[in-house]
Amino acid sequence: MAFSSSPCARLWTRLVLEPDTPGQGTWTIGANRIPFGPRAWEITFDVTTPAELVRDVHAELLDVYLEDRYRYRDRLFDDDTAPHTAYAPLFARGWSHEVQMIGTQTFRSPDGVGAVRHRFAPGRSRGPDDAPWTAWAGDWANPHWKARFTRGAPATLVAALTASLISTEPLHRTVKDVPLDFRHRLYMAAATAHQPTAVPPPAGPAPGRTR
């Protein structure tokens, strides 16, 4: 188990692996309103979640933490980011949108590999495990990875996840690192010795590569 926390002990990250089950475990980010107090919100990632997604959420988390610390704000617990900030970019990349009568909406990537679910209507569960935001890859019942944001988690962190999901930056992977079910979707990007200093935006929406 790996564990780290902020100096004020209000924010922490933990990695718990299951030694008897290879490939199983959980990354957890948690926040407490008072040092060592009850958990206010939590984000969990399966250990199979692409490292880039976990990295990008942590990078945004650090920005929010530093803004709170030096600008006397409290976005860790009173974030005013609107929910559409997290899912609007998915539309721009061609993700489909389905609304369920139970008060949820689901966004699916053009290739059908990834999905993000947002529960916009309050459910029966209002406890610490209530998760208005869920993202996964593969089949919902048996996903390759899943990420969950409990109620109270800053929407700006959800937006960091969705932005990472639709990123078109090539990833470095060996074939053995890609699940069998996804290998037929691989494509190779040619490496270049010199990258341009600026890349103009695409002319219109285009499907993004789902991590």
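Biologist: In which strand does Thr13 lie, and is Thr13 buried or exposed?

Modeller: This is a predicted model, in which local features need pLDDT of at least 70, side-chain atom pairs count only at pLDDT 80 or more, and totals for chains, interfaces and linings use all residues. Residues are numbered from 1 along each chain as its sequence is written, and side-chain values use heavy atoms, with hydrogens and water left out. Thr13 belongs to strand β2, residues 11-17 (helices, H or I of at least four residues, and strands, E of at least two, are DSSP runs numbered from the N terminus). Buried means under 20% relative accessible area, exposed over 50% and partly exposed in between, with a 1.4 Å probe and protein chains only; because its relative accessibility is 12%, Thr13 is buried.

Biologist: With which side chain does the side chain of Thr13 make a polar contact?

Modeller: A polar contact is a pair of N or O atoms within 3.5 Å; within protein, one must be able to donate a hydrogen and the other to accept it, and residues adjacent in sequence count only if both atoms are side-chain atoms. At 3.3 Å, the partner of the Thr13 side chain is that of His58.

Biologist: What distance separates the end C-alpha atoms of helix α1?

Modeller: Helix α1 covers residues 51-71, which is 21 residues. The expected span is 1.5 Å times one less than the number of residues. For α1 this gives 30 Å, and the model agrees, because the end C-alpha atoms are apart by 30 Å.

Biologist: Which elements cover the buried residues of α1?

Modeller: The buried residues of α1 are Glu52, Leu53, Val54, Val57, Leu61, Val64, Tyr65, Glu67 and Asp68. Contact means heavy atoms within 4.5 Å. The cover includes β2, β3 (25-32), β4 (39-46), β9 (143-149) and α3 (155-165).

Biologist: At what angle do the axes of α1 and α3 cross?

Modeller: Axes are lines fitted to C-alpha atoms, for helices over the stretch in contact, and angles run from 0 to 180 degrees between N-to-C directions. The axes of α1 and α3 come within 9 Å and cross at roughly 145°.

Biologist: Which residues of α3 make this contact?

Modeller: On the α1 side, the contact is made by Glu52, Leu53, Asp56, Val57, Glu60, Leu61 and Val64. Their counterparts on α3 are Thr156, Leu157, Ala160, Leu161, Ser164 and Leu165.

Biologist: How wide an arc do the buried residues of helix α2 cover around the axis?

Modeller: In α2, residues 84-92, the buried residues are Ala86, Tyr87 and Leu90. They lie on the same side of α2, because the arc they cover around the axis is only 70° (the arc is that of the directions from the helix axis to the C-beta atoms).

Biologist: With which residues is Tyr87 in contact, leaving aside its neighbours within four places in sequence?

Modeller: Tyr87 is placed in helix α2 and is buried, with a relative accessible area of 18%. Val116 is 29 residues from Tyr87 in sequence, and their C-alpha atoms are 8.4 Å apart. Leaving aside neighbours within four places, the residues in contact with Tyr87 are Gln105, Phe107, His118 and Trp133.

Biologist: Which side chain makes a polar contact with the side chain of Gln100?

Modeller: Gln100 is in strand β5, residues 96-100. Not counting residues up to four places away in sequence, Gln100 touches Gln105 and Thr106. The polar contact of its side chain, at 2.6 Å, is with the side chain of Thr104.
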